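Please look over the sequence and the model shown here before reading on. The paragraphs below go from the whole assembly to single residues.

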Number of protein chains: 2
Amino acid sequence: MKRFLPILDWGRDYSRATLGNDLVAALVVTIMLIPQGMAYAMLAGLPPQAGLYGAMLPLLIYALFGTSRTLAVGPVAVVALMTAAAAGQIAAVGDAEFHLAALALAALSGGMLLVLGLLRLGFLANFLSHPVISGFITAAGILIAGSQLRHLLGAPIEGKTLVELIPSLIANLGNVHMVTLILSALVLGFLFWSRKGLAPVLHRLGLSARAAGLVAKGALFAAVAVSTVVVWGLGLDAAGVRTVGDIPRGLPGLSVPAFDLDLLTLMLVPAAMIAIVGYVESVSIAQTLAAKRREKIDPDRELVALGAANLGAAISNAMPVTGGLSRSIVNFDAGARTPAAGAFTAAGIALALVFLTPLFFYLPRATLAAIIIVAVASLLDFRALPRTWAYSRADGAAMGATIAVTLTIGVEQGLLAGVLLSLLLHLWRTSRPHVAVVGQVPGTEHFRNVKRHEVVTAPEVVSIRIDESLYFPNARFLEDCVNDQAADLPGLRHVVLMFTAVNEVDASALESLEAINARLKEAGVKLHLSEVKGPVMDRLSRSDFLDDLTGEVFLTQFDALDRLAPGLTRDTLAQPRRETSRSRLAPASAAE
Amino acid sequence: MKRFLPILDWGRDYSRATLGNDLVAALVVTIMLIPQGMAYAMLAGLPPQAGLYGAMLPLLIYALFGTSRTLAVGPVAVVALMTAAAAGQIAAVGDAEFHLAALALAALSGGMLLVLGLLRLGFLANFLSHPVISGFITAAGILIAGSQLRHLLGAPIEGKTLVELIPSLIANLGNVHMVTLILSALVLGFLFWSRKGLAPVLHRLGLSARAAGLVAKGALFAAVAVSTVVVWGLGLDAAGVRTVGDIPRGLPGLSVPAFDLDLLTLMLVPAAMIAIVGYVESVSIAQTLAAKRREKIDPDRELVALGAANLGAAISNAMPVTGGLSRSIVNFDAGARTPAAGAFTAAGIALALVFLTPLFFYLPRATLAAIIIVAVASLLDFRALPRTWAYSRADGAAMGATIAVTLTIGVEQGLLAGVLLSLLLHLWRTSRPHVAVVGQVPGTEHFRNVKRHEVVTAPEVVSIRIDESLYFPNARFLEDCVNDQAADLPGLRHVVLMFTAVNEVDASALESLEAINARLKEAGVKLHLSEVKGPVMDRLSRSDFLDDLTGEVFLTQFDALDRLAPGLTRDTLAQPRRETSRSRLAPASAAE
């Protein structure tokens, strides 16, 4: 029971002090979440209340099932963009079918996460590599910013990718609504300044450093309040500034939406992507925050919690949700101690829905767009691509492909391209593993690459270290490689395969090993293995290979050479050891 | 020039003795290929001449470009089945569109192989693992045998999978044509007996053992001749025995077929599968035969040769071709020395097309079906599945899935399921790598798993050996694992990650290592690496990681402990060595 309801754990020790901390955090997060929720709903192409609903029931559910004490769940920018892209494939923004598609995405991705969590298949999320997710987030951030141009400029700029957005922007330069533009510039300027500049000002005005930091988080709310009052007072809506308008007052009703099978089928792939991106983002945030307080999160139970939260979003007329970075950091900094802070946040949103919605009638959409821009600005990391490329061409290529395809073709295609390319490059690399002929380092029992180190070898023995697990993509390579290394060596009598780096021998590689053994046998050469790991040895002993093996299996490479070339190894061991190659400053020679 | 035309190599030393050998082999293969070509055309749903055309131009082209001296190229059973399945998706057997689809498959798969060869991308074929291809061949053999039931029983039994074939067989039990059934039984009985029984009889009749073996290969031709004469003499065609009928006399005209874009698009995926299956089969046969005579084949040039051969098939109104197992073995056994034997075979087929086609009018289709059954019987390997499962559950599961899906859903789906499942299982396995805490084996500088060996450790140092490359699927696992191993150890001051089995550290894993380093630093524990391979060290030195590393990088694990726990390692080294764990008979303790 406790396994799936962490609330039974932290709820028992809940104290008045914890309550105070959680309430302060909830207040700060609520003030931030009200405008963000409406903004992300707008980004997803949904009515503003969908974002507020997404900040209620899902938060209550996560508070019950979540293992992170500080993760703030709710609508987030990247998932909102993915929702808009997927729902936009089957309906136009504003249609009832469009919102139904968004709810289907929440229901499907929630169901998938829940099932993966119950089956403990959280490892599947690992296939989204760091470079791919980081490239995707940056590209999505650019597209999100581009999608808000229409609200910032008050002109009908449309497009799902840069290929569509840029021509549309150019074509609409003449249609920019100047009053909206001025309003956008003021709000954007204030919000960007407030990120660094507001807290010091408040501190100078007499607030404590901590209080100033917390109150500064209310900059979003201040922007909302002031711009709403300005629009109302000056009658800017009549001058063409678009506002949020009517929001239904009160709490969302609960009902299972009437999905048809066609809709669910069409939303299956996008829902899987939303599920994985949302989960990976959420878990990384949760892990980072948990590590700071030496807490632990459980990835499989996070799947269950996020899955249930999304199912809650689906039945409360909301939108797909996940853990958000900026809100979680605010929650953490504001002192949240338990998931109860999330439940209090949900209560705050409920109060806003009951009492405040009429006040948002004159809230300009440009303000919400500015809030989105400020939020995604922190997601962009343009230096990641050159840094990753410098470290690894394969990772850089996967990241570059993700960014390029996302920006030009679409978010789903970009993510898919990145995942497939990173898998393919991995397979390509392991299909041609690094192989080294090794010799004994004088003065030690250690064996290293003959090309990188001054080592001692025996003419009648070739020792080959294979730096990869042996499995189907490299099974044929293995045969060719041993053939090449062992061919044309006069006086050769023994081949030793050093298995230090071999973590698996699958059925394909086993056939290759059998073929190598048979061919060497015909040539009068014995095949030996050394340093075979336990799991690999257990596996090999289930086949006939060890019985057919012409040579032996040695515990260590030193044992092998000691037996096959007696005397030589002991002489080498007695030689003085050279210390030169141990320096950390000369990596290429420090290790091979 | 020579790189792409091996004929310039072997052609120069061509002698009269070689010519004699090649001619004998060509004669034997031609006699076998005439009925087989017609039979495989029938299996593919094509007119009989398509199979004979497939045994002409493609063979001439392979003789120019191929690097195997004994591979016999032409129509083969498995590729014929795949052709029938793919072309059957868009047209009915007998339509002009059906044959056009088969030619499109030859052209597309030929083009793909050619491009892969020119780009030296032959490694892609490695992703078809041994268990998947072996399972696929067995399942395809069963489907092929099932598809011939209609010819063997003279009843309209139809179906592409067992799910369709079995009900159709039951429904048609009352429609079996008795004369056809008796004919089939006689031919099948003779052919199965002749595989083992004919050569000894001929030997007893006075032929030399070798000559008897060669003449016995003519059993196919004898079955064809006798059954044709019987049908003609007894007028069995009038009694309802179906025969081959008219075959156009003369050589095929050369022309580029008029493919439309829709057809090519539809045939793209099946063509890719035919290309890969054909290539993998062909290369394995070629490698096996080459090894027997210590010759070498070049996988990338084989791609070019098979690709060109298939393009030749497409422009000569034939069908997709590849290297065939049984014919290649016959070619090898009959003494073929060079690819010229293939060219002579093509000449023999040309003579048959010009002079013999009228003789095949009364050849019963049941005889061709029996020839197919005998050929695929040797492909079936029912013991492979339990053997593979016993060795490795993952390989067994991939093989089982391939067989089950191929038999019940279809050949393309079966192949795809096998490839995807084997990739997924590989990724799943590497995402949870084996990890061992290691200690020093007394009397040696060697370090082994504390759980499998009696080893010595120091309380202030934890040494962790990670038995896998560090990359995105296991990057998060790595963090958890070091956290778990290093948590709650009082007095811990050093963590050493032993990198013997780490062949790669990608960008995702680098971030994890940085996180581990930072977390251990906060806890006052230093992180060290040992036995880092050259390529990995080169890579790490391109990042900031080595600068931020709190500890050192040691050449050997022994050095690491020697420095971090001085004295202990030398004492352990001085202890007497225990030899018990070296036995090959106790694998679990022999190696860890």
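This is a predicted model: local features need pLDDT of at least 70, side-chain atom pairs count only at pLDDT 80 or more; totals for chains, interfaces and linings use all residues.

Residues are numbered from 1 along each chain as its sequence is written, while chains are lettered from A and ligands numbered from 1 in the order in which they are written.

In chain A, the domain assignment gives domain 1 (7-420) and domain 2 (435-590), with bounds that come from an automatic or database domain assignment. Taken over C-alpha atoms, the centres of domain 1 of chain A and domain 2 of chain A are separated by 54 Å.

Where the chains meet, 68 residues of chain B are in contact with 67 residues of chain A, two residues being in contact if their C-beta atoms, placed from the backbone, lie within 7 Å. Several helices each supply at least two residues of the side of chain B that touches chain A, among them helix H7 (130-147), helix H21 (411-431) and helix H23 (507-522) of chain B; helices here are DSSP runs of H or I with at least four residues, strands are runs of E with at least two, and both are numbered from the N terminus. H21(B) gives the largest share of that side, six residues. By class, the side of chain B that touches chain A has 26 nonpolar, 21 polar and 21 charged residues, where Ala, Val, Leu, Ile, Met, Phe, Trp, Tyr, Cys and Pro count as nonpolar, Asp, Glu, Lys and Arg as charged, and the others, Gly among them, as polar.

How are the two chains related? The same surface serves both copies, since 99% of the contact residues of chain B recur in chain A.

Chain B also holds an open sheet of six strands in the order S4-S3-S5-S6-S7-S8, with mixed pairing; two strands pair if DSSP finds at least two bridges between them. Strand S4 (447-449) and strand S8 (553-554) of chain B stand at the edges with a single partner strand each, so one side of each is left without a neighbour in the sheet. Strand S3 (residues 435-440) of chain B pairs with strand S5 (residues 461-466) of chain B in the antiparallel sense over three bridges, and B:Val435 stands opposite B:Ile466 in S5(B). S3(B) and S4(B) likewise pair in the antiparallel sense over three bridges, and they form a hairpin with six residues between them, in whose turn B:Gly443 has a positive phi of about 85°.

In H17(B), the buried residues include B:Phe344, B:Thr345 and B:Ile349, a residue being buried if 20 or more other C-beta atoms lie within 10 Å of its own, exposed if 12 or fewer, and partly exposed in between, with C-beta atoms placed from the backbone. What covers the buried residues of H17(B) includes helix H2 (16-43) and helix H16 (325-333) of chain B. B:Val29 has its place in helix H2 of chain B and counts as buried, with 29 C-beta neighbours inside 10 Å. Not counting residues up to four places away in sequence, B:Val29 touches residues including B:Ala72, B:Val330 and B:Thr345.
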